[in-house]
Amino acid sequence: MSINIDLIKQSGKAVEDLGVQVAQHFYDTMFSHYPEVRKMFPGDMTQQRVRLFNSVIQIASNIDNTEMLVPYLKELGVGHIQYDTRPEHYPIVGKSLLLTLKHFLGPAWTAEMAESWIEAYNLAATVCIQAAAEAMAPGRYVPLILDDVPPATA
Ligand code: HEM
């Protein structure tokens, strides 16, 4: 399997042209297939839809620009710690995203397109998860020493 860069870019452009209804469909799909993740998100999804939509376009249009993409994905992964996102959530988002792309792309959703998106998503998720794990590594803890606390009175 490999990523066909042109296909990812083309589909990113198609998503951009379709507008934020793509994100609406994505969340509808995810929340109906995986209702357990609904509680992680706010009641009003208006802003989140736009953010997700822009993020997918950003990733797709920069799929061959690792200098931009890797730091972006690392930041995204670390940022998701505050939402309690776990590695096992990433396949849920990935499957919902791929179902959404298939829905909108229709005949353009070929086996090669599917393989490219699978590969691209797997890479993106891995970078996010790895960065979050590094941010939470126990080795980052700097143990307290006596100088960190006020001096004892007696
Ligand atoms: C590569 C996959 C993903 C992408 C591209 C993505 C994208 C985004 C973006 C752009 C935001 C807006 C805020 C921010 O930048 O931190 C966001 C927020 C959020 N994401 Fe993700 N995300 C991904 C994976 C996940 C997964 C696996 C989960 C867990 C189910 C998740 C749950 C959330 C939640 C709960 C928020 C905050 C919503 C809020 O409180 O407004 N995301 N995501």
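## The largest nonpolar core

The largest nonpolar core of this predicted model has 19 residues, and those with the most contacts inside it are Ile8 and Ala60. A nonpolar core here is a set of buried Ala, Val, Leu, Ile, Met, Phe, Trp, Tyr and Cys residues joined through C-beta atoms within 7 Å, and a residue is buried if 20 or more other C-beta atoms lie within 10 Å of its own, exposed if 12 or fewer, and partly exposed in between, with C-beta atoms placed from the backbone. Helix 1, helix 2, helix 3 and helix 6 each supply at least two residues of this core, and helix 6 gives the most to it, with 5 residues. The helices (H or I, at least four residues) are DSSP runs, numbered from the N terminus. In soluble globular proteins, nonpolar side chains tend to be buried together.

Leaving aside neighbours within four places in sequence, isoleucine 8 is in contact with Ile3, Ala60, Ile63, Ser116, Trp117 and Ala120, where contact means that the two C-beta atoms, placed from the backbone, lie within 7 Å.

Helix 1 covers residues 5–18, and its 14 residues should span 20 Å at 1.5 Å a residue, which agrees with its end C-alpha atoms being 20 Å apart; the expected span is 1.5 Å times one less than the number of residues. The buried residues of helix 1 are Leu7, Ile8, Ser11, Gly12 and Val15. Seen down the helix axis, these buried residues fall within an arc of 135°, so they line one face of helix 1, the arc being that of the directions from the axis to the C-beta atoms.

What covers the buried residues of helix 1 includes helix 2, helix 3, helix 5 and helix 6, whereas the face turned away from the buried side carries the exposed residues Asp6 and Asp17.

## Around the ligand

Of the 20 residues around the ligand, Arg51, Ser55, Gly79, Tyr83 and His89 come nearest, a residue being near if its C-beta atom, placed from the backbone, lies within 6 Å of the molecule. The elements that give two or more residues to this shell are helix 3 (46–61), helix 4 (66–79), helix 5 (90–105) and helix 6 (111–135), and helix 3 gives the most, with 4 residues.

## Notes on the model

Residues are numbered from 1 along each chain as its sequence is written. Because the model is predicted, local features need pLDDT of at least 70 and side-chain atom pairs count only at pLDDT 80 or more, while totals for chains, interfaces and linings use all residues.
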